[in-house]
Amino acid sequence: MFTLIFYGFVLITLIAIVLAIKGEPKMYWVAALCTYIFSFLGGFSIGQLTVGLTFVFIVLAMAYSFNLVKSGLHYVAFLVIGFVTGVIMVVYVDDAWLFFPFSILS
């Protein structure tokens, strides 16, 4: 059952990313939430790596929300900031803190 939920969130994430790139930047919020959920469901294998992508989508969503993306160069800059933040969080922060809201439930 969790496998179907996992792949469902992966599919929603991919659709949200495509829609966001095509001109619906609010879909980055959906992509961030779905990535976070399927990262948690991925658990101790791929989940710890994919949670870094959550930060990419959060940074892009925040940049579009505050109208900071004016050109392609700005988009790439925020994309890089998101990747760097994601790598730092995955490497240096314990997964118990990265998945804190879910760890309360378990």
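Is N67 buried or exposed? N67 is exposed, because its relative accessible area is 53%. Exposed means over 50% relative accessible area, buried means under 20%, and partly exposed lies in between, with a 1.4 Å probe and protein chains only.

1. **Basis of this note.** This is a predicted model, in which local features need pLDDT of at least 70, side-chain atom pairs count only at pLDDT 80 or more, and totals for chains, interfaces and linings use all residues. Residues are numbered from 1 along each chain as its sequence is written, and side-chain values use heavy atoms, with hydrogens and water left out.

2. **The loop residue N67.** N67 sits in the loop between α3 and α4 (72-92). Helices here are DSSP runs (H or I, at least four residues), as are strands (E, at least two), and both are numbered from the N terminus. The phi of N67 is positive, about 55°, although N67 is not a glycine. Most residues other than glycine have a negative phi.

3. **The largest core.** The largest nonpolar core has 14 residues. A nonpolar core is a set of buried Ala, Val, Leu, Ile, Met, Phe, Trp, Tyr and Cys residues joined through side-chain atoms within 4.5 Å. Y28, A31, F57, L60 and F78 have the most contacts inside this core. The elements giving two or more residues to this core are α1 (2-21), α2 (27-42) and α3 (47-65). The largest share, six residues, comes from α3.

4. **L60 and the second core.** L60 touches Y28, Y75, F78 and L79, not counting residues up to four places away in sequence. Contact means heavy atoms within 4.5 Å. A second, separate core has five residues, including Y36, F55, L98 and F99.

5. **F57 in α3.** F57 lies in helix α3. F57 counts as buried because its relative accessibility is 8%. Leaving aside neighbours within four places in sequence, F57 is in contact with T13, I17, Y28, A31, A32 and T35. F57 and I17 are 40 residues apart along the chain, and their C-alpha atoms are separated by 8.7 Å.

6. **T13 in α1.** T13 belongs to helix α1. At 4% relative accessibility, T13 counts as buried. T13 touches A31, C34, T35, F38 and F57, not counting residues up to four places away in sequence.

7. **Helix α2.** What span should the 16 residues of α2 have? At 1.5 Å a residue, α2 should span 22 Å, and its end C-alpha atoms are 22 Å apart, which agrees. The expected span is 1.5 Å times one less than the number of residues. The buried residues of α2 are Y28, A31, A32, C34, T35, Y36, I37, F38, S39 and G42. Just after α2, G43 takes a positive phi of about 65°.

8. **S39.** S39 also lies in helix α2. S39 is buried, with a relative accessible area of 0%. A polar atom of the S39 side chain lies 2.7 Å from the backbone oxygen of T35.

9. **Aromatic pairs.** The count comes to eight aromatic pairs. Rings of Phe, Tyr and Trp (its six-membered ring) pair if their centres lie within 6.5 Å; planes under 30 degrees apart count as stacked, over 60 as edge-to-face and the rest as tilted. F6 and F38 form an edge-to-face pair, 5.6 Å centre to centre, with 85° between the planes. F6 lies in helix α1 and F38 in helix α2, so this pair ties together parts that are 32 residues apart in sequence. F6 and F38 are buried. Ring pairs also link Y28, F57, Y64 and Y75 into a cluster.

10. **F40 and F102.** F40 is found in helix α2. F40 is partly exposed, with a relative accessible area of 33%. F40 touches F99 and F102, not counting residues up to four places away in sequence. F102 lies in helix α6 (residues 100-105). F40 and F102 are 62 residues apart in sequence and 7.9 Å apart in space, C-alpha to C-alpha. Leaving aside neighbours within four places in sequence, F102 is in contact with Y36, I37 and F40.

11. **The UniProt record.** For "transmembrane region", the unreviewed UniProt entry lists residues 36-61 and 73-93. Such annotations may be inferred rather than shown by experiment; positions are given in the numbering used here, and feature names are shortened. In the model, residues 73-93 are 95% helix and 0% strand, with end C-alpha atoms 29 Å apart.

How values were computed:
Polar contact = N/O pair within 3.5 Å; in protein donor to acceptor, adjacent residues only side chain to side chain.
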